[in-house]
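Reader: I am new to protein models. Can you show me how to read one, feature by feature?

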Amino acid sequence: GTDSLEIHQDAVGKGHRVLLVDDLLATGGTARAALDLVRRLEGTVVGCAFLIELGFLSGRQSLAPVSVHSLIRY
């Protein structure tokens, strides 16, 4: 299937520093899409924070070199 992720053009401006926060990091696909949207708007992603990370799915690697923090890791 296909999904889409959208952001308002004025949500992030040139040079804005963004921390991406989400509940779950699995494969990293959604977080990677969010990072790409922020970068298209010329923002800088300074890190990602998640409540839960499913480490066996290697989502952290798909977000490199951005710093990733999670509270619970399975």
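**Contacts, strands and a pocket**

Author: Start with contacts. This model is predicted. Setting aside its neighbours within four places in sequence, Leu35 is in contact with Leu20, Val45, Cys48, Leu63 and Val66.

Reader: Where is the place of Leu35?

Author: Leu35 sits in helix α1.

Reader: Is Leu35 buried or exposed?

Author: Buried means under 20% relative accessible area. Leu35 has 0% relative accessibility, so it counts as buried.

Reader: And how do I read strands?

Author: Begin with a general idea. In a regular strand, side chains alternate between the two faces of the sheet. Next, look for bridges between strands. Here, β1 and β2 (residues 44-53) run parallel and are joined by eight bridges. The chain goes from β1 through α1 to β2, a right-handed β-α-β crossover. Leu24 has Ile52 in β2 as its bridge partner.

Reader: How many bridges join β2 to strand β3?

Author: Five, and β2 and β3 (residues 68-73) run parallel. Glu53 has its bridge partner, Arg73, in β3.

Reader: How do I find empty space?

Author: Roll a probe the size of a water molecule over the atoms; it shows where empty space is left. In this model, the largest pocket has a volume of about 180 Å³. It is lined by 13 residues, and the closest to its centre are Leu5, Leu20, Val21, Thr30 and Ala34.

Reader: Which elements each supply at least two residues of that lining?

Author: β1 (17-25) and α1 (29-40) do.

Reader: What kinds of residues form the lining of the largest pocket?

Author: The lining has 10 nonpolar residues, one polar and two charged.

Conventions: Residues numbered from 1 in each chain as written. Predicted model: local features only at pLDDT ≥ 70, side-chain atom pairs only at ≥ 80, totals over all residues. Heavy atoms only, no water. 1 Å grid on protein atoms, 1.4 Å probe; cavity = no way out; pocket = protein on both sides within 12 Å on 5 of 7 lines; lining within 4 Å. Points joined across faces, edges and corners; volume = space filled by probe spheres on them. Helix = DSSP H or I, 4+ residues; strand = E, 2+ residues; numbered from the N terminus. Nonpolar A, V, L, I, M, F, W, Y, C, P; charged D, E, K, R; others polar. Pairing = 2+ DSSP bridges. Right-handed = clockwise from strand over helix to strand, strands pointing away. Buried < 20%, exposed > 50% of the residue type's maximum accessible area, 1.4 Å probe, protein only. Contact = heavy atoms within 4.5 Å.
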